Structures are given as C-alpha cells and as structure tokens.
Amino acid sequence: MFEQQLINGLTLGMIYALIAVGYTMVYGVIQLINFAHGEIFMLAAFLAVTFITVFGLPIYIVIIMTMGCCALIGVLLDIFAYRPLRQSPRLAALITAIGMSIFLQNLAMIIWGSRPKPFVQSALPPFLRTTALTVGDASISWLQLFIFGIASLLMIILFLIINKTRVGTAMRALSQNRTSAALMGINVNRVISFTFALGSSMGAVAGIMVAIYYNTLYPTMGYVAGVKAFAAAVLGGIGSVPGAMIGGIVLGIAEALGAGYISSLYRDGIAYAVMIAVIIFRPSGILGKSTLEKV
Amino acid sequence: MLKLEDIHTYYGNIHAIKGLSLEVNLGEIVTLIGSNGAGKSTTLMSISGITRPRTGKIFFQDKDITTALTDTIVKMGITQVPEGRMIFPRLTVYENLLMGAYLRKDRKGIKMDEEHCFELFPILKERRKQAGGTLSGGEQQMLAIARALMARPKLLLLDEPSLGLAPIVVENIFEVITRINSSGTTILLVEQNAQMALQIAHKGYVLETGKIIMEGPAGELMENPKIQSAYLGID
Ligand SMILES: Nc1ncnc2c1ncn2[C@@H]1O[C@H](COP(=O)(O)OP(=O)(O)OP(=O)(O)O)[C@@H](O)[C@H]1O
Ligand SMILES: [Mg+2]
C-alpha cells in the first residue's frame with residue numbers, strides 16, 4: 001500500500017506544483033496572493049470540456065487552446081482588476097482578488113450550472129485508465145504516467161523560461177527590485193502580464209488533468225485545489241519557483257499517505273495542517289528567503 | 001541636451017521639488033549637490049519618469065519627456081544609476097549587465113560593451129557568475145555603473161556613487177566617471193561629497209529643500225565662501 005499511496009501522492013503533487021507556481025510567480029512580482037488563480041484552474045476544466053463537446057477537437061489541441069485562453073484570462077484579470085490598484089495598499093488588491101474569485105465562480109455557475117459534470121470520456125484514449133506498469137504491489141496507470149510526464153515537461157519549460165530567457169530574467173529582476181527594473185527600461189506592466197499568462201497557462205493544464213483524473217468538474221473545484229496549491233507555495237517558500245514545485249510534491253505525498261494510513265477523511269485537513277505548521281515554525285518555507293520585508 | 005523648467009514634484013502632499021530649473025549641455029559633467037533630503041534623488045527620479053513632476057517641463061534633446069514612460073526615456077538615451085546602487089542581488093553579475101542592455105537588440109554591440117565594462121572594472125569579470133548580492137559595496141557600485149553603461153546612454157544620471165565607500169574606492173569610481181565622460185557620455189552627477197563632485201564637474205547646482213539656491217561653473221562654486229563653509233567643510 002505504501003508504494004501505491006506514494007504514486008498517487010506524487011501524481012497529485014505534480015498537479016499541486018503546477019498550480020502553486022502560478023501563486024508563487026505572481027507573488028514574486030507584485031506581492032499579491034492571487035486568490036482567483038484557483039478559478040482559472042476551474043475555468044480551464046470547463047473550457048476544455050466545452051471545446052471538446054462544441055467543436056469536437058482532439059484532446060491535445062484542446063489542452064493547448066485552453067492554455068492560451070487561460071493565459072488571456074489571467075492577463076485580463078491583472079489589467080482590469082489588479083493594475084488599477086498597483087499604488088494602493090496591498091489589502092485593497094487582496095480583497096479584490098477574493099472578489100474576483102467569487103465573481104469567476106459565479107460566472108461559471110451561470111454559464112455551466114452548479115452541478116458536477118463528468119469529463120468527456122469519449123475524447124480520451126481508452127487505454128488511459130489501464131495499468132502501464134506495476135511496482136511491487138502498486139500499479140501505475142497510463143493516466144498517472146501522462147500526468148507525471150506532462151507536468152515534468154512543463155516544469156522544465158518553466159524553469160528554462162525563468163532562468164534562460166530575457167523576459168524570464170526580467171521577471172526575476174522585477175521581483176528583486178521594481179524601481180531598478182523600471183530604470184533598466186523594462187516595461188514593468190508587460191512583464192507582470194507575462195507572469196500572469198505563464199502562471200495561468202500552467203494552472204490551466206492542472207485544471208484539465210484534475211477533471212480527467214477525478215472525472216468530475218464543478219464551479220467550486222478551484223477553491224479546494226487553490227487552497228492546497230497555495231499551501232504548497234507557502235510550504236516551499238512563497239516567491240520561490242523551485243520551492244513551489246517541491247512544496248507541491250511534498251504536500252501531495254503527505255496527503256496521499258495521510259489519507260491511506262490515517263483516514264481519507266483527513267485528506268483536506270492535512271494541507272491546512274501543513275500550512276499552519278509552516279507558518280508557525282518556518283514562515284519562510286523550505287526554500288524561501290527570510291520573509292522579513294526591507295524597511 | 002537636458003533641460004528642466006520649473007518642475008514641482010510631490011510625494012502625496014509632500015512638496016519635494018519646488019520649482020527647479022536646470023540645464024545640462026552635451027558633453028558636460030554637471031553636478032547637483034545638496035544635503036540630506038534636499039530633493040536630489042527626487043530630481044533624478046523625475047527625469048527618469050519614476051516620480052512625475054506635477055507641473056513644469058522636462059526636455060531631452062528638445063523633446064518634451066515630462067510625461068514619457070520610463071522605458072521610452074531609457075530608449076531615448078537617459079539611464080540612471082540609482083542611489084543605493086539597486087543591483088539585482090540574486091541575479092549574477094552577468095545577468096545584471098544583460099538587464100542593463102534590456103532594450104537593445106544588437107547582440108554584437110552588447111557583447112562589445114560587455115567587454116568594455118570588464119575593461120573599466122576588471123573585478124567584475126572575475127565575479128561574472130557570482131550573485132550581485134555577494135559583491136562588496138564598491139563592487140556593487142561598479143556593477144551598477146557598468147549595468148547602466150550597457151544601455152549605451154547619451155546622458156548618464158548618477159545618484160551618490162560615493163555613498164558609503166572607502167576613499168580609495170571613491171577615487172577609483174570618480175576616475176571612471178571622468179573616463180566615461182571623456183569618451184562622449186554626458187553626465188549629471190548627484191553628490192553629497194561636494195568636494196569630489198566639484199573637482200570633476202564643469203558646472204554645479206546647489207539644491208536646498210527642493211530649490212536651486214546657487215549655480216555656476218564648478219571652479220567658481222568651489223571658491224564661494226558660502227559653499228566652502230556649508231558643503232566643503234572649510235571655515
Ligand atoms: N517615497 C517618499 N515618500 C514621501 N516622501 C519622500 C519620499 N522620498 C523622498 N521623500 C521626501 O522628499 C524630500 C526629498 O527627498 P530626496 O530623497 O529626493 O532627497 P535627497 O536630496 O536625495 O536626499 P539624500 O541625500 O538623503 O539622498 C525629503 O524631504 C524626503 O523626506
Ligand atoms: Mg538621495
């Protein structure tokens with residue numbers, strides 16, 4: 001059972017990590033916890049199902065289209081909701097983020113209804129649910145393998161963008177000193193938009209994967225996933241991208257083991273427990289710098 | 001080349017710059033001296049488009065840049081080395097330099113300027129792969145200047161480059177500033193170290209609580225008894 005839970009936890013953890021990088025990158029550049037990030041994850045699931053049922057497109061094209069749409073939604077969210085508040089106290093933006101989260105949830109309910117829907121199974125290759133390989137007494141499905149593969153690939157791409165490209169370097173520069181970045185001629189708003197686009201497209205893939213994995217989607221699904229991914233980001237050290245990746249995986253495994261060995265009732269509680277423990281004992285997270293602010 | 005006409009800049013209700021006019025001509029080193037809180041940094045930030053003046057006009061090469069965005073201003077050729085250096089502590093020295101060249105597309109030119117920076121400050125070449133934050137204060141100042149040069153500025157704004165540095169390092173930095181100027185870059189130098197600044201400048205302005213109280217050729221200012229007692233520590 002241990003191996004099985006470990007594998008389940010790792011799959012889940014990769015998904016948390018994909019969402020968590022969105023929180024952490026946005027926090028890095030504008031010090032805002034974008035509470036509406038979970039809703040982008042949810043919208044991705046609904047958009048994907050809509051693209052499949054309305055246009056009958058194959059799943060891989062749907063994933064790419066959804067990434068693009070969610071990137072755009074993330075950018076619009078920043079431009080219309082957060083940008084006007086850039087000079088305001090942080091609390092104003094934080095409350096706006098909560099407001100946007102509620103707004104997007106309700107928008108989804110109006111468009112798609114509030115009852116849970118199954119994912120369009122016919123759009124998926126049938127072998128996904130079959131066992132790909134067994135390790136000890138644990139079996140790994142093709143779906144788990146795909147989730148693991150795609151998430152790893154995205155993480156590598158993200159890592160390369162952040163560390164090796166001009167805009168990625170600008171993102172890091174911006175998160176270290178906004179005034180200085182502006183003085184270099186970096187168009188700060190454009191880089192912030194890029195950050196939202198990047199984080200949202202990663203979250204979008206996670207949303208589609210969760211909908212497929214649990215075969216269900218509903219307008220409030222972004223809330224729970226969002227809280228957990230946020231816990232993962234805090235665990236890894238908010239603002240640190242590798243931290244968010246590690247935090248996601250650790251949390252996923254902790255949750256699966258907790259659910260397996262203690263009780264599946266505690267599944268969601270574990271994320272909160274981890275977050276509270278981190279805030280009490282190591283507020284800067286696993287990889288975070290000291291969170292003390294410069295005066 | 002640069003002309004400020006009666007600018008007023010505020011932080012909320014705080015009136016930091018109260019009608020300041022100054023002019024920098026092509027090829028000059030102009031220094032703006034003044035004590036703590038006089039408004040020197042605010043003046044430079046107003047020129048760079050970070051803190052917009054509420055009234056007044058700023059012209060660069062006869063174009064009105066008063067309301068231009070910072071990236072446009074940098075593209076036009078004004079780069080600032082801000083007070084406190086503001087290097088990116090967790091980017092490498094090399095990445096810091098690349099950020100200086102952010103708006104440029106000419107890879108060859110960037111490469112050349114990088115070499116030029118390493119000639120000016122050989123220590124940076126050794127530290128190329130090191131995080132900016134691990135450098136000493138003097139090295140960080142060198143990096144900040146080198147980073148600004150990577151933009152190939154026509155006008156370089158320097159905000160207290162001597163701040164917190166050992167005298168020997170200050171000498172070195174000022175020598176480099178003179179060299180940068182003699183290779184064709186116009187310089188507006190903000191300093192509290194009036195002694196050093198007036199020595200290398202052609203022209204000086206004295207700022208006090210947001211207003212220019214005196215201006216003239218650097219040599220004349222150095223001879224002025226009021227300046228001597230207030231800024232040069234001579235009785
Ligand atoms: N961000 C800010 N918010 C409010 N007031 C500010 C801010 N920055 C500067 N000021 C005020 O504006 C005035 C001018 O400040 P400025 O930093 O331009 O002075 P300075 O001449 O550069 O001083 P120093 O030599 O200490 O660097 C000061 O009275 C200062 O208190
Ligand atoms: Mg200053």
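Me: Happy to look at this predicted model with you. Are helix 5 of chain A and helix 8 of chain A roughly parallel or roughly antiparallel to each other?
Reply: These two helices, residues 142-164 and residues 188-213 of chain A, pack with their axes 11 Å apart. Their angle is about 175 degrees, and over 145 counts as roughly antiparallel. Helix 5 of chain A and helix 8 of chain A are therefore roughly antiparallel.

Me: Nice! How many nonpolar residues does that contact have?
Reply: On the helix 5 side of chain A, the residues include A:Leu143, A:Ile147, A:Leu154 and A:Ile161. They meet residues of helix 8 of chain A, among them A:Phe194, A:Leu198, A:Met202 and A:Tyr213. By class, the contact has no charged residues and one polar residue, and the number of nonpolar ones is 14.

Me: Over to chain B. Are helix 6 and helix 7 of chain B roughly parallel or roughly antiparallel?
Reply: Helix 6 covers residues 137-149 of chain B and helix 7 covers residues 167-182 of chain B, with axes 10 Å apart. They pack at about 10 degrees, and angles under 35 degrees count as roughly parallel. Helix 6 and helix 7 of chain B are therefore roughly parallel.

Me: How many charged residues are in the contact of helix 6 with helix 7 of chain B?
Reply: B:Gly138, B:Gln141, B:Met142, B:Ile145 and B:Leu149 meet B:Val169, B:Asn172, B:Ile173 and B:Ile180. Sorted by class, six are nonpolar and three polar, and the charged count is none.

Me: Which strands of chain B does helix 7 lie across?
Reply: Helix 7 of chain B runs at about 155 degrees to one of them, strand 8 (186-191) of chain B.

Me: Which are the edge strands of the open sheet in chain B?
Reply: The sheet has six strands with mixed pairing, in the order 6-7-8-3-9-10. Strand 6 is joined by four bridges to strand 7, and the two run parallel. An edge strand pairs on one side only, which gives strand 6 and strand 10 of chain B.

Me: Which residues coordinate the magnesium ion (ligand 2)?
Reply: One lies in helix 1 of chain B, and its partner, 42 residues apart, lies in the loop between strand 6 and helix 3 of chain B. The ion is coordinated at 1.9 Å by B:Ser41 (OG) and B:Glu83 (OE).

Methods. Residues numbered from 1 in each chain as written. Chains lettered and ligands numbered in written order. Predicted model: local features only at pLDDT ≥ 70, side-chain atom pairs only at ≥ 80, totals over all residues. Heavy atoms only, no water. Axes fitted to C-alpha atoms, helices over the stretch in contact; angles between N-to-C directions. Parallel < 35°, antiparallel > 145°, perpendicular 65-115°, else oblique. Contact = heavy atoms within 4.5 Å. Nonpolar A, V, L, I, M, F, W, Y, C, P; charged D, E, K, R; others polar. Donors = N, O, S within 2.8 Å, 3.2 Å for Na, K, Ca; no water. Pairing = 2+ DSSP bridges.
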